[in-house]
Amino acid sequence: MINDLPLPVTNDPVDHGFWASALQSQLVVQRCSGCRLLRFPPRPMCPKCQSSDSGWQVMSGRGKVWSFATPASPLLPAFEALTPYVTAVVSLDEHEDLRVVGPLLLAPGGDIQGVRADQLSIGQAVSIEFKRLADDVALPCWVLEPSGRQGE
Amino acid sequence: MLKDQTAIVGIGETRFAKRLEDTEWALACQAIKAALDDAGIDPSEVDAMGCFNQETTPEFDIARSLGFGDVHFFNQVAHGGGAACGVLGQVAMAVACGVANVGVVWRSRKRGDPSKRQWAGVQPRIADHWKWSRPHGLLRPVDEVAVTMRRYMHEFNVTREQLATVALSQRAYANNNPKAIMADKTLSLDDYLSGRMISDPLCLYDNCLESDGAIALVLVRSTDVDRHQQPVYLHAFSQGMSPQHQLMTDYHGHNPLQSSSWTTAANLWRQSDIQPSDIKLAQIYDAFSPMILYCLEAYGFCGRGEAADFIADGGMSQQGRLPVNTSGGSLSEVYLHGMNLLTEAVRQLRGEAANQVAAADSCLVATCDSTPNGAVVLRR
Ligand SMILES: [Zn+2]
């Protein structure tokens with residue numbers, strides 16, 4: 001069993017642009033050059049028009065919690081050390097079918113560790129923050145917005 | 001069409017346990033030999049073979065151990081819990097078409113050892129689609145299903161008490177099945193509600209067993225069934241993968257709660273003279289208990305969001321509208337990637353099950369809701 005958090009491969013030409021933007025704290029998704037369809041996670045071809053040409057479009061980084069899980073033991077050691085934590089699936093405000101997974105933070109700059117299920121609910125507004133885990137990896141995380149912008 | 005052209009004429013299995021001494025290879029051989037003995041068929045007659053591609057026990061190892069002759073068809077089906085009906089259905093198509101004559105399908109697996117759990121083997125860098133969820137904290141299949149179940153509970157006002165019905169019903173079946181690993185362990189609602197959370201809202205009892213064992217089935221053309229055999233016919237078969245499906249983390253389509261089971265179900269019922277209202281019982285893949293709710297709706301036994309009420313009202317119990325997982329299933333009999341669901345369906349249709357359903361003349365068997373999957377309708 002590995003002791004550190006598993007990390008994504010970031011030099012795959014299909015999704016390198018996502019990870020490069022993440023290092024700049026920007027959330028991007030693919031935009032088809034043919035039909036302008038936005039898609040995430042990245043793929044080499046547009047499922048709507050079959051174009052292989054695409055660019056990266058910057059998102060607002062705001063969304064609403066679609067659902068979430070609170071994993072508990074038994075886990076890999078690195079995740080055991082993070083419990084309690086919450087991982088959320090978030091629908092982006094630009095389009096609800098664009099969903100991005102990320103650990104939840106209670107405040108900007110907050111920790112992944114120490115978040116409990118009763119501290120959030122489905123539909124709650126969140127905004128993105130990237131946590132640097134390696135030279136090439138900034139992981140998308142979701143920060144709970146303090147109030148007001150409840151969804152649904 | 002494939003309809004009724006092939007029949008299952010033999011089933012075989014090893015003992016089931018948390019830990020068995022024999023290797024997966026040896027267990028596979030024992031189960032296949034038992035299935036061939038049950039069918040009264042000599043190993044030298046087998047010429048079609050089907051198995052899982054995940055943690056496989058390879059065809060050549062099986063054939064050269066059991067003494068098969070010239071083999072003419074072999075397939076391996078992907079996606080673990082989604083594979084069992086695909087393995088059976090693809091061999092059935094080869095046999096029905098005359099490519100081969102006698103088919104054997106099997107699953108052998110030792111999962112009792114915690115180091116064998118797939119998530120325990122996650123590598124430091126992830127290259128495939130799991131790069132979009134595992135580093136973020138969704139490490140295990142149970143976490144991936146917890147996400148959809150929390151959403152399902154939110155959309156349809158489902159409670160944990162309702163979900164508990166799956167684990168409790170299946171444990172009650174297992175308590176009357178001497179082969180079940182949980183045969184002697186009862187489960188109450190209090191036990192369930194005080195069980196530790198594995199990935200909220202899923203607790204220990206919503207998870208399948210981790211166990212060792214092997215299971216095999218033998219299949220021939222219906223015209224080749226002899227008078228010593230008790231055939232169970234493969235009436236309808238489909239595999240299914242929905243648009244935009246992503247394995248286990250199927251969160252990126254238009255409606256993540258409309259799984260590949262909906263695709264499989266539509267094409268299965270299209271081919272079947274036996275419709276959901278005619279089906280007397282079902283065996284539904286249950287690595288995690290929510291999959292029962294999802295499949296009851298996908299396969300048309302209840303409307304959207306109605307499955308929790310259906311089971312809470314006793315619908316999946318032995319006296320209910322649709323007894324489900326009557327051997328105890330993966331939650332309480334044995335976890336062998338759902339192959340025990342197929343053998344239990346055969347026993348029910350032969351009239352020799354531990355929890356025999358009266359007048360069982362047809363059975364749905366459905367595989368993993370969260371992966372590309374498959375299903376069959378079996379009939380007497
Ligand atoms: Zn396009």
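This report walks through the interface of chain A and chain B in a predicted model.

## Extent of the interface

Let's begin with the overall contact. Chain A contributes 46 residues and chain B contributes 37 residues. Between them, about 3,700 Å² is buried, with 60% of that area coming from carbon and sulfur atoms. On the side of chain A, the residues that lose the most area to chain B are W66(A), R99(A) and V101(A), which together account for 16% of what that side buries.

## Polar links across the interface

The interface of chain A and chain B holds 24 residue pairs in polar contact, both residues being at pLDDT 80 or more. Two salt bridges are also found across this interface. One of them is worth a look in the viewer: the side chains of D15(A) and K131(B) meet at 2.7 Å, N to O.

## What chain A brings

Several elements of chain A each supply at least two residues to the side that touches chain B. They are helix 1 (16-23) together with strand 1 (7-8), strand 5 (62-71), strand 6 (87-92), strand 7 (95-105) and strand 9 (137-144). Strand 5 of chain A gives the most, with seven residues.

Sorted by class, the side of chain A that touches chain B has 33 nonpolar residues, six polar and seven charged.

## Strands that pair between chains

Strand 5 of chain A comes up again here, as it pairs with strand 6 (residues 197-200) of chain B. The pairing is antiparallel and runs over two bridges. To find the spot, look for P71(A), which stands opposite S199(B) in strand 6 of chain B.

How values were computed. Residues numbered from 1 in each chain as written. Chains lettered and ligands numbered in written order. Predicted model: local features only at pLDDT ≥ 70, side-chain atom pairs only at ≥ 80, totals over all residues. Heavy atoms only, no water. Contact = heavy atoms within 4.5 Å. Buried area = accessible area lost by both parts, 1.4 Å probe. Salt bridge = Lys/Arg side-chain N within 4 Å of Asp/Glu carboxyl O. Polar contact = N/O pair within 3.5 Å; in protein donor to acceptor, adjacent residues only side chain to side chain. Helix = DSSP H or I, 4+ residues; strand = E, 2+ residues; numbered from the N terminus. Nonpolar A, V, L, I, M, F, W, Y, C, P; charged D, E, K, R; others polar. Pairing = 2+ DSSP bridges.
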